[in-house]
Amino acid sequence: LTQLYAPLNFLGFIYREIKNSLSDMERMFGLMDEQQEIKDDKGAIALNTRHAEIVFQDVCFSYESERQILHKVSFRVGAGETVAVVGTSGAGKSTLSRLLFRFYDVSSGSILINGRDIRSYTQLSLRQHIGIVPQDTVLFNNSIYYNIAYGRPSATHDEVIEAAKSASIHQFVSSLPEGYESQVGERGLKLSGGEKQRVAIARTILKDPPILVLDEATSALDTRTERKIQDELFQIAKNRTTLIIAHRLSTIVDADRIIVMDQGKIMEQGTHSELLEKNAIYARMWAMQFQASEIVEASEP
Ligand code: ATP
């Protein structure tokens, strides 16, 4: 018995050690839970709609407590409408989309979808309803096929190809030696800005979300590619509630409403012609960009 005692005692020691470290891990995870800023409400319900109306109501927000980024921002995007946000760099345009997607929660005010605060929906269902085509798409280190199918992992092979065709990337992919199995991302084939954006568009077409956020690229693609991508984006924006964060005013002339932001505040809102008539900030931006684009177009072959 004494011969058994020492090993058992040792096992007991190991057991206590493991148990301690497990409870440390539990504590650590507990802590992580506490630090996780965005949580589902206890009574959160699933958002389930094809017609989403978005309302920002007196939204204030700061990433860090000492600097307020958004100041009482209020606007509405009716179901199926397209609203564009323009403004100076750093005005807070992309922040609006981050708040809508609930990467962060508002400091005060609220964001409503179909009359309910987005904090009362489960995050999963909220995010399933929103498709984002970002400024700069980061691709996974995987095949092009995987990168498109990620939009809806349950999609069939044919659906993935269809989405690629609609996003005008199918021809390019087919011309690659390994086709859809070509590896992309940091360690794979480097795609151009326009090609990456098309992969993101194909992914979004496949996801088929009722809400679309288009964060227009700041980095200039050539004007012709830009126009083609814009046309494709407008096609997928049809019948969806769309928020465009725009850098080029020429692309948003037909938006249902244009919001002009500066330093976290909405300065003006209206249609393109209303804002031109107002002859204030937007009208000045338009005049400046119009002149600039005339110069670029004149210099293009
Ligand atoms: P751009 O047109 O240049 O893309 P924007 O209008 O989209 O600009 P935002 O990206 O919304 O601007 O940023 C608004 C402000 O918030 C900026 O001053 C930016 O420095 C700040 N900001 C953005 N992200 C963070 C972050 N994660 N932490 C702290 N500050 C941030």
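**Ground rules.** I number residues from 1 along each chain as its sequence is written.

**Confidence.** I looked up pLDDT, the predictor's confidence in each residue from 0 to 100, and found a chain mean of 84, with 82% of the residues at 70 or more. Where pLDDT is low, the predicted coordinates should not be read in detail. For the complex, the predictor gives an ipTM of 0.97 and a pTM of 0.81.

**Overall content.** I took helices (DSSP runs of H or I, at least four residues) and strands (runs of E, at least two), numbered from the N terminus, and the protein chain comes to 10 helices and 10 strands. Of its 301 residues, 31% count as buried, that is, with 20 or more other C-beta atoms within 10 Å of their own C-beta atom.

**Ligand shell.** I listed the residues whose C-beta atom, placed from the backbone, lies within 6 Å of the ligand; among them are Tyr63, Glu64, Ile69, Lys93, Ser94 and Thr95. Helix H2 (residues 93–100) supplies the largest share of this shell, 3 residues. By class I find 3 nonpolar, 6 polar and 2 charged residues, where Ala, Val, Leu, Ile, Met, Phe, Trp, Tyr, Cys and Pro count as nonpolar, Asp, Glu, Lys and Arg as charged, and the others, Gly among them, as polar.

**Sheet.** I traced an open sheet of 4 strands in the order E2-E1-E4-E5, with antiparallel pairing, taking two strands as paired if DSSP finds at least two bridges between them. Strands E2 (70–77) and E5 (116–117) are the edges, each pairing on one side only. E4 (residues 108–113) and E5 are joined over 2 bridges in the antiparallel sense, and Ile113 stands opposite Arg116 in E5.

**Helix H5.** In H5 (residues 157–166) I found Val160, Ala163 and Ala164 buried. Seen down the axis of H5, the buried residues fall within an arc of 100° and so line one face of the helix, the arc being that of the directions from the helix axis to the C-beta atoms. Their cover includes helices H4 (144–149), H6 (170–175) and H7 (193–207). After H5 comes Ser168, whose phi is positive, near 55°.

Notes
This is a predicted model: local features need pLDDT of at least 70, side-chain atom pairs count only at pLDDT 80 or more; totals for chains, interfaces and linings use all residues. A residue is buried if 20 or more other C-beta atoms lie within 10 Å of its own, exposed if 12 or fewer, and partly exposed in between; C-beta atoms are placed from the backbone. Two residues are in contact if their C-beta atoms, placed from the backbone, lie within 7 Å.
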